[in-house]
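Subject: Structure handover

Hello,

Here is the structure for you to open alongside this message. My notes on it follow below.

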Amino acid sequence: MDSDQKFALHEAAREGRNEVVESLLNANPKSAFVKDDDERLPIHWAAAYNRVPVVELLVAMKDFDPDVEDGSGWTPLMIAASLKDAAGDATIDLLLRKGADVSIKSNTGQNALHFASSKANISTVRTLLANKCSARVKDKRGQLPLHRAAAVGSVPILKTLLEEGKSPVNATDGDGFTALHHAISEGHGPAAILLLKSGAEAEKRDSDGRLAIELVPDDKVKQYILQTAEREGIELP
């Protein structure tokens, strides 16, 4: 059997061909549990391409495992959490109803909150936190979801991770970067101010001995941070 036939269900799931998926599942239910060359099942592809009707068909299968991992240690939940514009929220709801475990970590040590935070998916972050996904887990680079949210400059997610997720604000990653270092080095002034108001220590230095404010990419961002901090009564070194 050539790989096209062997992985016909994977392809139909990827392309969102619901009727083809249904007939392939009826003909051979076991095909839902065959891994392709990326060690992915059809559910991984359906989640990746946001094919919600296909996800509905697959999660209804007998013996469906919501926590099955692909070759990178990604579960369908992680894949859905990493889609742009929170597009994976409907899939996440279906997976959570099937008992998906939000605490699983990928091969690089990230949980679903890391992925949702990287893509600035605030609704996804809220859903994950409500289902006890921890904001206090560091990945293999030493980063918390908070570091990711700071790097993309998402003020709503930073606020949510700090308040609801009880994320430590001054935790350092493998480079000695705090969330403040990430926010400032990426030029996200409002994110930096929020972190400072939330107790970020401006005098903390990274592994190379640099203060966060020293990493500012341009004078415009620097002026914004300095002027806003002064107005808010925040002391900077």
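**Cavities**

The lining of the largest cavity divides into 8 nonpolar, no polar and no charged residues. Ala, Val, Leu, Ile, Met, Phe, Trp, Tyr, Cys and Pro count as nonpolar, Asp, Glu, Lys and Arg as charged, and the others, Gly among them, as polar. This is a predicted model, where local features need pLDDT of at least 70, side-chain atom pairs count only at pLDDT 80 or more, and totals for chains, interfaces and linings use all residues. Residues are numbered from 1 along each chain as its sequence is written, and side-chain values use heavy atoms, with hydrogens and water left out.

The lining residues are L180, I184, L196, A202, A212, I213, L236 and P237. The volume of the largest cavity is about 50 Å³. A cavity here is a set of points, on a 1 Å grid over the protein atoms alone, where a 1.4 Å probe fits but cannot get out; lining residues have an atom within 4 Å of a point. Points are joined across faces, edges and corners, and a volume is the space filled by probe spheres set on the points.

How many cavities of 30 Å³ or more are there? The count comes to 2. The second largest cavity holds about 40 Å³ of space. Its lining is A32, F33, L41, I43, L58 and F64. By class, that is 6 nonpolar, no polar and no charged residues.

**The largest pocket**

A pocket is an open set of grid points with protein on both sides within 12 Å along at least five of seven lines. The largest pocket has about 170 Å³ of space. It is lined by 12 residues; Q5, K6, A8, N28 and S31 lie nearest its centre. Two or more lining residues come from each of α1 (3–6), α2 (8–15) and α3 (18–27). Helices are DSSP runs (H or I, at least four residues) and strands likewise (E, at least two), numbered from the N terminus. α2 gives the most to this lining, with 3 residues. By class the lining has 7 nonpolar, 4 polar and 1 charged.

**Helix α11 and I157**

Helix α11 covers residues 155–163, and its buried residues are I157, L158, T160, L161 and L162. Buried means under 20% relative accessible area, exposed over 50%, and partly exposed in between (1.4 Å probe, protein chains only). Those buried residues pack against α8 (112–118), α9 (122–130), α10 (145–152) and α13 (189–197). An α-helix has 3.6 residues a turn, so residues three or four places apart point the same way.

At the start of α11, a side-chain oxygen of S154 comes to within 3.3 Å of the backbone nitrogen of I157. A polar contact is a pair of N or O atoms within 3.5 Å; within protein, one must be able to donate a hydrogen and the other to accept it, and residues adjacent in sequence count only if both atoms are side-chain atoms.

I157 is buried, with a relative accessible area of 0%. Leaving out residues up to four places away in sequence, I157 touches A116, S117, A120, N121, I122, V125 and A149. Contact means heavy atoms within 4.5 Å. I157 and S117 are 40 residues apart along the chain, yet their C-alpha atoms are separated by 6.9 Å.

**D206**

Is D206 buried or exposed? D206 is buried, at 6% relative accessible area. Its place is the loop between α13 and α14 (219–231). The D206 side chain reaches the backbone nitrogen of D208 at 2.8 Å. Apart from neighbours within four places in sequence, D206 is in contact with D175, G176, F177, H181 and L215.

**Two positive phi values**

N50 is not a glycine, but its phi is positive, near 55°. N50 sits in the loop between α4 (42–48) and α5 (52–59). At 29% relative accessibility, N50 is partly exposed.

D63 is also not a glycine, and its phi is about 70°. D63 lies in the loop between α5 and α6 (76–81). At 60% relative accessibility, D63 is exposed.

Residues 72–107 are 42% helix and 0% strand, with end C-alpha atoms 6 Å apart. Residues 175–207 are 48% helix and 0% strand, with end C-alpha atoms 5 Å apart.

Best wishes
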